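Me: I would like to learn how to read a fold. Can you take me through one?

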Amino acid sequence: MRYEIVRVAPEAVAEFVRGHERAARSAFYGFPVIWHEQAYDLAAMDGERVAGTARIRVAASLAHVERVVVAPEHRKRGVGRALLASASDAANYYNCHKMTVLVPLGGAAQRFFERCDFHQEAVLPQHTFKLDMAVLRKFLL
Ligand SMILES: CC(C)(COP(=O)(O)OP(=O)(O)OC[C@H]1O[C@@H](n2cnc3c(N)ncnc32)[C@H](O)[C@@H]1OP(=O)(O)O)[C@@H](O)C(=O)NCCC(=O)NCCS
C-alpha cells in the first residue's frame, strides 16, 4: 500500500477536516448537514461558592449530559434536579428534541436520572471500564 498511517496532532488535520467535513457528514446522514457543536456549563451557586455543576454538549438536535456533580454536603436538596432542569431549558432553547446520558446500569446515578424523568433506552454491555452502561433519555419539546 502506498499510504502510511501516522499519528498526528489535531492541528495537522484541521484544514483537511474543514475542507471535507460538511460533505462527509452530509453523505453520512443522507441529507445536507451544517454541524454546530457547543458545550454549555451551569453552576448551582450557594452565595459565592459553587455547590454543583452540570455540562451538556449540544449537537445535531441532541443534548448529551456530560456531567452533573453536586458537592456531598449539598446533595439530596434538589440541586442536581435544578441543574438538570436548567440544562433542559438550555437544550430546548437550542432546539434539541432529546437529552441523553450514559450511566452505570442499575447504579445511584441511574436512580437519580430516573427520578428526574429520564428513561432507559438501551444497555451497552461491557462498555465504560468494561461495565454495562445504560443509555438514558428524556424527550424535550
Ligand atoms: C447524582 C447527583 C448529581 C444527585 O444530586 P442531588 O443534588 O443529590 O440530587 P437531587 O437532590 O436533586 O435529587 C433528585 C431526585 O433524585 C433522587 N436521588 C438523588 N440521589 C440519589 C441516589 N444516590 N440514589 C437514589 N435516588 C437519588 C432524589 O431522592 C430525588 O428524588 P425525589 O425528588 O423524587 O425524591 C449527586 O449525588 C452526585 O454529584 N453524585 C456524584 C456524581 C454523579 O454520579 N453524577 C451523575 C452522572 S454524571
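The dialogue below goes from the overall pattern to the sheet and its helices.

Reply: This is a predicted model: local features need pLDDT of at least 70, side-chain atom pairs count only at pLDDT 80 or more, and totals for chains, interfaces and linings use all residues. Residues are numbered from 1 along each chain as its sequence is written.

Me: How many helices and strands does the protein have?

Reply: Helices (H or I, at least four residues) and strands (E, at least two) are DSSP runs, numbered from the N terminus. The protein has three helices and six strands. Along the sequence they follow α-β-β-β-α-β-α-β-β.

Me: In what order do the strands form the sheet?

Reply: Strands of a sheet pair through backbone hydrogen bonds, either parallel or antiparallel. Here, two strands pair if DSSP finds at least two bridges between them. The order is E1-E2-E3-E4-E6-E5, in an open sheet with mixed pairing. E1 (38-46) and E5 (119-124) are the edge strands, each pairing on one side only.

Me: How do E5 and E6 pair?

Reply: E5 and E6 (residues 133-139) run antiparallel, over five bridges. Val-123 stands opposite Ala-134 in E6.

Me: Which strands does helix H2 touch?

Reply: Contact means C-beta atoms, placed from the backbone, within 7 Å. Angles run from 0 to 180 degrees between N-to-C directions, with axes fitted to C-alpha atoms, for helices over the stretch in contact. H2 (residues 79-93) packs on the sheet and touches E1, E2 (49-59), E3 (62-70) and E4 (98-104). Its direction makes about 35 degrees with that of E2.

Me: And what does helix H3 touch?

Reply: H3 (residues 108-115) packs on the sheet against E4 and E6, at about 155 degrees to the direction of E4.

Conventions: Contact = placed C-beta atoms within 7 Å.
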